[in-house]
Amino acid sequence: MPKRMRFTTWRPLATAATAALTATLLTPAAADAAPRESLPVHSYENAVREAVWVDTGLDEDRDGRADRVAVDIVRPREPAQRGRKVPVIMDASPYYSCCGRGNESQKKTYDANGDIVGMPLFYDNYFVPRGYAVVGVDLAGTNRSDGCVDVGGRSDVQSAKAVVDWLNGRGEAYTTRTGTERAEATWTNGRTGMIGKSWDGTIANGVAATGVEGLETIVPIAAISSWYDYYFTRGAPLYDSGPDWLSNYVESPQARARCAGVQRELVEGAPRTGDRTPLWTERDYVRAAEKVRASVFLVHGMQDLNVRMQHVGPWWDALAKNGVERKIWLSQTGHVDPFDFRRAEWVDTLHRWFDHELLGYDNGVDREPVADIERRPDQWVTSATWPPRGTHTATLRPAKGTEAGVGTLGLRRGRGTETVTDDPRLSETDWAARVDTPTPDKAGFVTGPLTRDLRLSGSSRVTVTATPSTPTAHLSAVLVDLGPDTIRDYADADEGITTLAERTCWGASTAGDSSCFKETRAKTTDVGFTVVSRGWADLGDHANSGKGESLTPGERYTITLDLAATDHVVPEGHRLALIVAGTDRGLIDPPADTPTLTLDLARTSARVPFVGGTAAFARATAGSHAEARDAVLDGVDRPSATAHRVPGEAR
């Protein structure tokens with residue numbers, strides 16, 4: 001399958017799109033100019049609102065007939081009346097009835113005929129008047145759809161892929177859930193963009209990884225790229241639950257009664273051992289990145305502790321390897337939609353992105369910087385590429401200091417050992433707060449105060465050689481910026497935003513669907529340190545075979561922890577720390593035992609991507625020396641110990 005090269009494979013369509021849409025989208029005075037922006041010239045109040053049920057070709061609920069998924073459509077009436085076809089913006093979600101979408105937990109509402117009245121979020125209000133159809137798909141097993149929720153597997157993905165096929169004339173749909181009257185998508189040109197936060201964005205990733213024709217772009221927000229990495233990290237369990245719990249959480253009552261078989265498969269296929277099974281392979285979209293033909297506009301919070309930044313680095317790199325056109329926004333927030341942390345800029349950028357990708361307008365969005373990064377609350381910088389050119393990995397070495405557990409971090413190989421005793425009551429914030437104080441629960445290694453700014457950009461890896469005292473052991477590694485700062489309070493319940501009473505409006509409204517949403521502002525906190533990146537592993541997974549094993553106490557093991565991607569500047573005068581410890585409370589579950597780990601410093605290192613590489617680190621640390629400190633530093637609150645997290649659940 002040919003790869004989609006940057007802004008070239010469909011550009012000839014721009015001419016046809018311009019000819020077809022000029023009369024509708026431009027004033028007479030501007031008719032001779034190529035369009036650069038879709039305008040709100042269509043009636044939202046008089047838009048066509050309808051529902052169809054698309055045949056997925058699967059029978060996951062095993063009732064003897066193919067599952068149909070409900071598809072709610074809001075589209076402008078005028079183009080169809082004039083024989084013109086429109087592109088589609090699609091959000092496929094399991095949350096339209098159980099949990100709600102967005103900061104205000106909006107659910108779908110219907111009229112007496114079962115047609116959509118209130119579509120959650122602003123997409124229909126804003127884009128339908130501008131000549132787009134907006135489609136909300138109930139994933140199989142949710143709301144008004146047949147089938148079963150299989151949490152990122154073939155049923156979930158096929159729920160949306162089948163709709164893309166139908167929009168492009170390759171599938172079948174019906175006007176009712178059980179009837180035989182066919183519905184045809186004669187009103188669309190098939191060009192589809194998928195968007196959504198968390199589970200919704202995850203489905204966009206999964207559908208793109210099928211290579212389906214007609215899916216032109218995806219906008220995954222805080223989305224999963226591999227479901228194994230949502231539940232485990234190198235064998236270490238992240239939550240005391242599995243996909244069966246999540247499936248049960250979102251399924252409709254009807255599906256719950258019919259889907260015991262799928263639930264059983266989820267339990268049996270996802271053992272809490274952390275072993276990689278065929279179930280996880282099926283739900284790993286990164287491995288299928290070579291099939292992606294759609295462009296990708298990725299948005300993620302660098303402090304998202306629900307769908308963590310571990311989902312960004314491998315996906316972004318795999319897309320780059322396969323020549324996929326990409327754009328990225330990285331915020332300081334947790335699990336938050338950009339509509340709630342950078343609203344005006346988000347709507348404008350998303351508008352131009354869809355105009356370019358779905359209408360073919362030459363509006364310059366392809367010539368803008370690839371990355372927008374929130375450096376401080378509401379203060380953004382850009383990078384022409386991401387990670388920036390000139391970013392190279394430096395190998396940092398931990399070394400012993402004058403006190404046990406309080407060491408140095410530099411370029412020279414260390415010697416000797418340090419010991420860490422797992423304390424499941426403590427977290428990364430506890431370790432960082434006492435990084436300058438000897439405590440048995442962690443080993444900290446710190447540079448001296450930097451003599452110039454030092455920028456990390458990308459994914460780090462920490463290799464640890466450790467001797468455990470017990471048959472089971474978990475490891476955590478965190479990179480920490482030690483120094484005062486004001487940051488978004490990502491550990492707060494609202495994960496870095498405060499919701500206000502005032503509303504602003506984004507598009508047209510009807511009595512049943514308002515375009516006005518509560519405003520937000522950054523919720524900040526003053527800290528003495530900031531956790532920059534983190535990673536975890538079960539030492540029993542040291543062989544990287546996908547199957548953990550019991551450890552032999554007293555035997556030495558080496559394992560590499562993949563730390564989450566990030567983009568962070570450690571300012572001049574701050575210090576950079578590497579902390580190695582056991583269980584990170586609230587972020588991974590503890591092992592069966594309470595081990596003491598002896599770290600071999602000569603065989604332990606961190607590979608960290610710096611702009612400027614090793615030379616930049618050497619310059620920033622030249623002449624600096626570790627200082628004796630005993631103050632307890634302030635940080636955000638400890639991450640909450642949550643047994644069940646839900647990707648995309650409204651706050």
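Strands, like helices, are DSSP runs numbered from the N terminus, and a strand has at least two residues. The model on screen is predicted.

**Stop 1: serine 383**

Select serine 383, which is found in strand 15, residues 379–383. Is serine 383 buried or exposed? Its relative accessible area is 7%, and buried means under 20%, so serine 383 is buried.

Now show what surrounds serine 383. Leaving aside neighbours within four places in sequence, serine 383 is in contact with Pro369, Val370, Ala371, Ile373, Pro388 and Arg455. Take proline 369 from that list: it lies 14 residues from serine 383 along the chain, and the two C-alpha atoms are separated by 5.5 Å. Then take arginine 455, whose side chain is joined to the side chain of serine 383 by a polar contact of 2.9 Å.

**Stop 2: a cis peptide bond**

Move along to tryptophan 386 and proline 387. The peptide bond from tryptophan 386 to proline 387 is cis, with omega near -10°. Proline 387 lies in the loop between strand 15 and strand 16, the latter covering 391–403.

**Stop 3: the disulfides**

Next, select the cysteines. A disulfide is a covalent bond between the sulfur atoms of two cysteines. How many disulfides are there? The count comes to three. With the bonded cysteines numbered in sequence order, the pairing is 1-2, 3-4, 5-6.

Begin with cysteine 98 and cysteine 99, which are joined with an S to S distance of 2.2 Å. The torsion about the S-S bond of cysteine 98 and cysteine 99 is about -90°, so this disulfide is left-handed. Cysteine 98 is partly exposed at a relative accessible area of 28%, while cysteine 99 counts as buried at 14%.

Go on to cysteine 148 and cysteine 259, whose sulfur atoms are 2.0 Å apart in a disulfide. This link is left-handed, with -85° about the S-S bond. Where do cysteine 148 and cysteine 259 sit in the chain? Cysteine 148 is in the loop between strand 6 (133–138) and helix 4 (154–167), and cysteine 259 is in the loop between helix 8 (253–258) and helix 9 (260–269). The pair links distant parts of the chain, 111 residues apart. Cysteine 148 is buried, with a relative accessible area of 0%, and cysteine 259 counts as buried at 1%.

Finish with cysteine 505 and cysteine 516, a disulfide with sulfur atoms 1.9 Å apart. With 95° about the S-S bond, the link of cysteine 505 and cysteine 516 is right-handed. Cysteine 505 lies in strand 23 (residues 497–505) and cysteine 516 in strand 24 (residues 516–522), so the pair ties together parts eleven residues apart in sequence. Cysteine 505 is partly exposed, at 46% relative accessible area.

**Stop 4: helix 7 and helix 9**

Show residues 243–250, which form helix 7, together with helix 9. Two packed helices are described by the angle between their axes and the distance between the axes. Here the angle is about 155° and the axes are 8 Å apart. Angles over 145 degrees count as roughly antiparallel, and helix 7 and helix 9 are therefore roughly antiparallel to each other.

Which residues of helix 7 and helix 9 meet? Pro243, Asp244, Ser247 and Asn248 in helix 7 meet Gln263, Leu266 and Val267 in helix 9. The residues of this contact divide into three nonpolar, three polar and one charged.

**Stop 5: helix 4 and helix 5**

Now show helix 4 with helix 5, residues 199–208. Their axes are 9 Å apart and the packing angle is about 75°. That makes helix 4 roughly perpendicular to helix 5. Select Asp156, Val157, Ala160 and Lys161 of helix 4, then Trp199, Ile203, Gly206 and Val207 of helix 5, to see the contact. The residues here divide into five nonpolar, one polar and two charged.

Stay with helix 5. Ten of its ten residues are buried, so helix 5 is largely enclosed by the rest of the structure. The buried residues of helix 5 pack against several elements, including strand 3 (86–93), strand 9 (215–221), helix 7 and helix 11 (313–321).

**Stop 6: two positive phi angles**

Select serine 198, in the loop between strand 8 and helix 5. Serine 198 has a positive phi of about 65° although it is not a glycine. Serine 198 counts as buried, at 0% relative accessibility.

End at arginine 62, in the loop between strand 1 (48–55) and strand 2 (68–75). Arginine 62 is not a glycine either, and its phi is positive at about 55°.

Methods: Residues numbered from 1 in each chain as written. Predicted model: local features only at pLDDT ≥ 70, side-chain atom pairs only at ≥ 80, totals over all residues. Heavy atoms only, no water. Disulfide = S-S within 2.5 Å. Buried < 20%, exposed > 50% of the residue type's maximum accessible area, 1.4 Å probe, protein only. Helix = DSSP H or I, 4+ residues; strand = E, 2+ residues; numbered from the N terminus. Axes fitted to C-alpha atoms, helices over the stretch in contact; angles between N-to-C directions. Parallel < 35°, antiparallel > 145°, perpendicular 65-115°, else oblique. Contact = heavy atoms within 4.5 Å. Nonpolar A, V, L, I, M, F, W, Y, C, P; charged D, E, K, R; others polar. Polar contact = N/O pair within 3.5 Å; in protein donor to acceptor, adjacent residues only side chain to side chain.
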